Amino acid sequence: QVQLVESGGGLVQAGGSLRLSCTASGDDFSSYRMAWFRQTPGKDREFVGFIIANGITGVVPAVKGRFTISRDNAKNTTMFLQMNNLELEDTADYFCAGKMRVKGEYEYWGQGTQVTVFS
């Protein structure tokens, strides 16, 4: 059974940093496309960024230059979201997701980890 588990969320002052982790189990994730999403109450889930098997990454403009996505290449079981210079608007529940195919929806989701940025 495929399972994704996020960790690393918490409270952080604006301008600070957090690193989120997404640990995968139940399959060989080396070829999966992985992504981070976030959601705040009353809003739609927002795509944050992705990483694919060859290590190519991309993030949305709102976090570019502040957020970085990486993965543990040795084990291919953990993906990270390094968040620097956090802003109040980054407060959200953060979710990791994975899929095998290039096209289509993300198939697997974690339960989320909460990030709260305060001034």
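A: Buried means under 20% relative accessible area, exposed over 50%, and partly exposed in between (1.4 Å probe, protein chains only). Glu 46 is partly exposed, at 33%. This is a predicted model: local features need pLDDT of at least 70, side-chain atom pairs count only at pLDDT 80 or more, and totals for chains, interfaces and linings use all residues. Residues are numbered from 1 along each chain as its sequence is written, and side-chain values use heavy atoms, with hydrogens and water left out.

A salt bridge here is a side-chain nitrogen of Lys or Arg within 4 Å of a carboxyl oxygen of Asp or Glu. The count comes to four. Glu 46 pairs with Arg 38, the closest N and O atoms being 2.8 Å apart. Arg 38 is buried, with a relative accessible area of 6%.

Next comes Arg 66. Its side chain meets that of Glu 87 in a salt bridge (3.7 Å, N to O). Arg 66 lies in the loop between strands E6 (57-59) and E7 (67-71), Glu 87 in the loop between E8 (78-83) and E9, so the pair ties together parts 21 residues apart in sequence. Strands (E, at least two residues) are DSSP runs, numbered from the N terminus. Arg 66 is buried at 9%, whereas Glu 87 is partly exposed at 33%.

Arg 66 also forms a salt bridge with Asp 90, with the closest N and O atoms 2.7 Å apart. Asp 90 sits in the loop between E8 and E9, so this pair ties together parts 24 residues apart in sequence. Both Arg 66 and Asp 90 are buried.

Arg 38, Glu 46, Arg 66, Glu 87 and Asp 90 are linked in a network of salt bridges.

Notes:
Helix = DSSP H or I, 4+ residues; strand = E, 2+ residues; numbered from the N terminus.
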